Amino acid sequence: MRSLFALLLAGLLAAAAPARADTELTFYYPIAVGGPLTKVIDGLARDFEKEHPGIKVHPIYAGNYDDARIKALAALKAGQPAQISVLYSIDLYELLEQDVIVPWDDVATTADDKAWLKAFYPSLMMNGTYKGKVYGIPFQRSTIVLFWNKDAFKEVGLDPEKPPATWNEMTQMATKLVKRDAAGNVVRWGVMVPSTGYTYWMFQAFARQNGHDLMNPEGNRTIFADPDVIAALQYWRDLGAKYRVMPEGTIEWGTLRQAFTEGKTAMMWHTTGNLTAVKDTAKFPFGVAMLPASKQRGSPTGGGNFYMFKKTTREERKAALAFVKWMTTPERAAAWSIATGYVATRPDAYETPKLKDYARDFPQAVVARDQLKYATAELSTFQTGRVRKLLDDAIQAALTGQKTPAAALQAAQAEADRLLKPYR
Amino acid sequence: MKHVYGWLLLTPAAILLVGFTHYPAAATLVDSFFSTGTAIRPSRFIGFGNYALLAEDPIFWKVLGNNLWFALGTIPTSIALAILMAVWVNDRLPARALVRMAYFTPTVLPMIAVANIWLFFYTPQIGLVDQFRALFGAPSHNWLGDPGTVLACLMVMVIWKEAGFFMIFYLAALQSLPPELEEAAKIEGASRWHFFRRVMFPLLMPTTLFVLVNATINSFKLVDHLFILTKGGPDNASSLLLYYIYQVAFSFFDTAYASTLTVVLLALLAGLALVQFHLVEKRVHYR
């Protein structure tokens with residue numbers, strides 16, 4: 001009995017004194033969609049710790065994307081830095097200018113690591129790559145898709161399984177789908193594209209479809225005043241002003257989902273992040289399609305990437321690599337996609353049994369993936385906040401009829417040139 | 001010795017005031033004379049460079065104009081409504097406590113929650129405003145998406161929220177008025193309106209000054225609703241000065257320019273407060 005007690009005591013002592021110091025990883029992450037996702041992230045961190053003794057992970061929920069960036073940078077200045085963080089994919093140039101991040105290529109040196117860097121969809125890597133080095137590992141990423149109300153299509157004699165594939169088709173279908181009451185007031189619009197909050201993002205889709213990206217890969221030049229880009233804004237304006245299939249003025253991002261699920265618009269453009277919410281609230285069958293094409297199909301990507309901060313020790317960088325690799329395995333990318341509606345970040349995630357089963361019951365979930373081959377980087381430049389606001393204001397001025405698309409975009413381009421000149 | 005004791009009593013409050021009010025204000029002023037530093041290009045002294053930028057910034061003039069309209073649109077109306085409501089619920093009427101509470105409820109709600117509710121009021125077609133108008137066959141209107149109506153929509157919401165708050169002050173002031181005055185006025189045969197204009201309103205002047213100062217400050221400092229309702233859009237039609245400062249500081253990371261804007265806001269508010277206190281106070285008290 002006495003010896004058993006001694007043995008127990010010895011065991012307790014051994015457990016209390018670890019052989020070596022743990023490597024601690026702190027990371028901030030934002031949440032921009034609904035659901036109890038903090039629990040999911042905490043659970044993932046605990047699972048990782050179990051498999052990797054010697055590494056402790058402290059995930060810290062930091063609000064929306066702007067809050068997360070502000071908090072991560074403030075922690076850095078205060079000397080309590082995070083080692084890694086999930087931040088907005090388009091914060092890249094801001095973080096580079098602050099000189100606070102290092103490329104993953106620096107730590108991903110083995111053949112296995114290098115293969116990992118190549119495992120993601122190329123279009124998701126665009127916002128994370130600068131001068132050939134990878135700074136952002138895609139984690140929670142989305143694109144814009146077209147939602148359509150199949151009942152409304154049936155009601156006006158359109159094929160409910162055939163969404164518009166081109167701008168012309170969208171205009172024609174939308175014209176048929178507009179419904180008016182006896183007094184001539186519109187009770188259902190043909191299509192709605194939100195224009196508050198993420199105005200530039202929606203516009204990128206129009207511009208890309210009309211053949212153009214809005215900035216160069218170096219992030220020091222914008223292409224707002226190209227004739228194709230102006231034509232793209234003209235089309236967006238015309239949907240309301242000329243074809244009268246969309247309300248005039250700006251359309252609120254936050255209430256558009258309700259407008260669609262209440263049947264006030266037959267089609268809408270929105271983020272894939274809304275998929276689960278629409279699925280839960282729509283009382284009619286709905287479809288999800290790629291955005292229509294003008295010269296080509298196209299949509300920007302969006303969302304958050306993993307960044308690694310400069311103020312880290314060699315051990316911390318190694319641990320960070322292990323953690324981020326673990327977080328982005330095909331199985332976890334698949335599970336994260338199902339939990340959120342985000343795109344699974346790598347092709348092999350869609351080959352996992354879990355995501356295959358999910359897609360069989362809910363085919364709308366893979367539309368975003370299919371669209372990735374037409375996708376482009378989200379608008380991101382040096383001085384990104386200012387440049388983005390210039391474009392937002394220009395688009396809203398055009399949509400509300402205060403300026404012509406050409407005048408608005410040319411003014412925005414001139415101002416963006418002034419801001420970006422020092423970076424060329 | 002007495003001095004030391006006095007200073008000791010003062011210290012806690014002084015530390016808080018200096019640390020959280022006066023030092024930041026002074027630091028803001030200093031920062032406004034420097035450029036924004038990054039790791040690549042460190043901050044340097046540029047004199048009035050930021051102020052020159054400000055004078056040429058069309059968005060600054062736009063939001064300043066918006067803010068003045070916003071103040072003009074909200075302050076007089078909410079004060080008038082507050083007096084009206086206070087006089088009414090000061091009378092003896094059934095379920096008086098309930099009515100008072102109803103008027104006060106908007107004040108208790110957080111601005112973010114209020115903005116989320118009003119967002120759905122103003123939503124075209126499915127919103128309360130449009131559904132009500134539809135009863136009379138009026139077409140739906142894109143209230144927040146039209147630069148012509150968006151600022152007015154925000155004003156209505158803020159008046160709704162603020163008037164109840166100011167009512168409380170007037171109610172307290174009314175209850176401290178001596179009842180003899182009203183009796184005397186009745187005996188003299190003064191009409192209700194005459195009594196209000198000649199007796200009650202002048203006696204309420206100190207409260208009006210207090211409310212006026214508060215309302216002015218609020219009209220420059222309340223921007224929570226913009227985050228939910230419009231984000232300053234469309235094309236800055238509903239943006240206010242403080243919201244623009246937030247965008248410059250935390251979305252553009254231009255801390256120096258944000259400091260410059262803040263100095264302007266501080267100067268503006270200090271100037272308004274001085275005018276209110278010194279000029280208006282001379283005629284505030286009933287003699």
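A:Ile84 touches A:Leu25, A:Phe27, A:Phe306, A:Tyr307, A:Met308, A:Phe309, A:Ala320 and A:Val324, with residues up to four places away in sequence left out of the list. Two residues are taken to be in contact if their C-beta atoms, placed from the backbone, lie within 7 Å. The structure is a predicted model, in which local features need pLDDT of at least 70 and side-chain atom pairs count only at pLDDT 80 or more, while totals for chains, interfaces and linings use all residues. Residues are numbered from 1 along each chain as its sequence is written, and chains are lettered from A and ligands numbered from 1 in the order in which they are written.

A:Ile84 and A:Val191 touch the most other members of the largest nonpolar core, which has 110 residues. A nonpolar core is a set of buried Ala, Val, Leu, Ile, Met, Phe, Trp, Tyr and Cys residues joined through C-beta atoms within 7 Å. A residue counts as buried if 20 or more other C-beta atoms lie within 10 Å of its own, as exposed if 12 or fewer do, and as partly exposed in between, with C-beta atoms placed from the backbone. The element that gives the most to this core is helix α17 (residues 384–399) of chain A, with 8 residues. Helices (H or I, at least four residues) and strands (E, at least two) are DSSP runs, numbered from the N terminus. At least three residues of the core come from each of domain 1 (2–141 + 303–366) and domain 2 (143–301 + 377–423) of chain A. Apart from this core lies another, of 48 residues, which includes B:Met167, B:Leu204, B:Leu229 and B:Ala237. In soluble globular proteins, nonpolar side chains tend to be buried together.

A:Leu233 is found in helix α10 (residues 227–241) of chain A. A:Leu233 is buried because 24 other C-beta atoms lie within 10 Å. Between A:Leu233 and A:Phe206 the C-alpha to C-alpha distance is 7.4 Å, and the two are 27 residues apart in sequence.

The two domains of chain A, whose bounds come from an automatic or database domain assignment, have centres separated by 32 Å, taken over C-alpha atoms. In their contact, 19 residues of domain 1 of chain A meet 17 residues of domain 2 of chain A. On the side of domain 1 that touches domain 2, α4 (92–98) and α6 (122–125) of chain A are the elements that give two or more residues. Of these, α4(A) gives the most, with 4 residues.

Between the chains, 32 residues of chain A are in contact with 28 residues of chain B. On the side of chain A that touches chain B, α3 (65–77), α4, α11 (253–261) and α17 of chain A each supply at least two residues. The largest share, 7 residues, comes from α17(A). By class, this side has 8 nonpolar, 13 polar and 11 charged residues; Ala, Val, Leu, Ile, Met, Phe, Trp, Tyr, Cys and Pro count as nonpolar, Asp, Glu, Lys and Arg as charged, and the others, Gly among them, as polar.

Chain B has 13 helices and 0 strands. Its C-alpha atoms fill a box of roughly 80 × 75 × 30 Å, taken along the principal axes. Of the 287 residues in chain B, 30% are buried.
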